[in-house]
Amino acid sequence: MQIEFTAPLWQWQVRTDSWWFVTVPPDESDELADLPLPPRGFGSIRVRVTVGKTTWTTSVFPSDKDGGYVLPMKKKVREAESLVPEKPVSVTLETIDI
């Protein structure tokens, strides 16, 4: 499954030193939640992500606070793509290992 969305970059307030995320919108989160997934830690889903010219493999994680999934944004990606807090990030996300 491949989905595309745009959402703002935000910093996790519990660990402001390094944890940045983009929240997968509700409709797309619902699609991810409906997938028949193998058991993984924390209910995570393995994904291949593209932001700008940068592509990497990571996982999205369920968020009780947001009621959907969140995508961690590595420092290397934030710097390479000049991502700014609270500004929209265009994301292409493809599920893998399903």
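This is a predicted model: local features need pLDDT of at least 70, side-chain atom pairs count only at pLDDT 80 or more; totals for chains, interfaces and linings use all residues.

## Pocket, rings and loop

Of the 12 lining residues, select Trp12, Phe21, Phe61, Pro62 and Val70, which are the closest to the pocket centre.

Next, colour the strands β4 (54-63) and β5 (68-72): each supplies at least two residues of the lining of the largest pocket. The largest share, 3 residues, comes from β4.

Stay on β4 and select Ser63, which lies in this strand. Is Ser63 buried or exposed? Its relative accessibility is 13%, so Ser63 counts as buried. Show the surrounding atoms: not counting residues up to four places away in sequence, Ser63 touches Gly68, Tyr69 and Val70. Val70 is also one of the residues closest to the pocket centre.

**The aromatic rings**

Now select Trp10, Trp12, Trp19 and Phe21, which form one aromatic cluster. Trp12 and Phe21 were already picked at the pocket, among the residues closest to its centre. The count of aromatic pairs comes to 4. Take the pair Trp19 and Phe21: the ring centres are 6.3 Å apart and the planes are at 15°, so the pair is stacked, the cut-off for the angle being under 30 degrees. A pair of aromatic rings is described by the distance of the centres and the angle of the planes.

Phe21 is buried, with a relative accessible area of 9%. Trp19 is partly exposed, at 35%.

**The loop between α2 and β6**

Move to the loop between α2 (75-80) and β6 (88-95), and select Glu86 there. At 58% relative accessibility, Glu86 counts as exposed. Which residues does Glu86 contact, leaving aside its neighbours within four places in sequence? They are Pro8, Leu9 and Trp10. Trp10 belongs to the aromatic cluster visited above.

For a distance label, draw a line between the C-alpha atoms of Glu86 and Gly43. These residues are 43 residues apart in sequence and 26 Å apart in space.

Check the backbone torsions in this loop as well. Most residues other than glycine have a negative phi. Glu86, however, has a positive phi, near 70°. Ser82, in the loop between α2 and β6, also has a positive phi, of about 50°, although it is not a glycine. Ser82 is exposed, with a relative accessible area of 58%.

**The whole chain**

The protein chain has 2 helices and 6 strands. Followed along the sequence, these elements give the pattern β-β-α-β-β-β-α-β.

The C-alpha trace spans about 35 × 30 × 20 Å along its principal axes. With 98 residues, a compact globule would have a radius of gyration near 13 Å, and the protein chain agrees with this at 13 Å. Colour by burial to see that 40% of the 98 residues count as buried.

Methods: Residues are numbered from 1 along each chain as its sequence is written. Side-chain values use heavy atoms; hydrogens and water are left out. On a 1 Å grid over the protein atoms alone, a cavity is a set of points where a 1.4 Å probe fits but cannot get out, and a pocket is an open set with protein on both sides within 12 Å along at least five of seven lines; lining residues have an atom within 4 Å of a point. Helices (H or I, at least four residues) and strands (E, at least two) are DSSP runs, numbered from the N terminus. Rings of Phe, Tyr and Trp (its six-membered ring) pair if their centres lie within 6.5 Å; planes under 30 degrees apart count as stacked, over 60 as edge-to-face and the rest as tilted. Buried means under 20% relative accessible area, exposed over 50%, partly exposed in between (1.4 Å probe, protein chains only). The radius of gyration is taken over C-alpha atoms; the globule rule is 2.2 Å times the number of residues to the power 0.38. Contact means heavy atoms within 4.5 Å.
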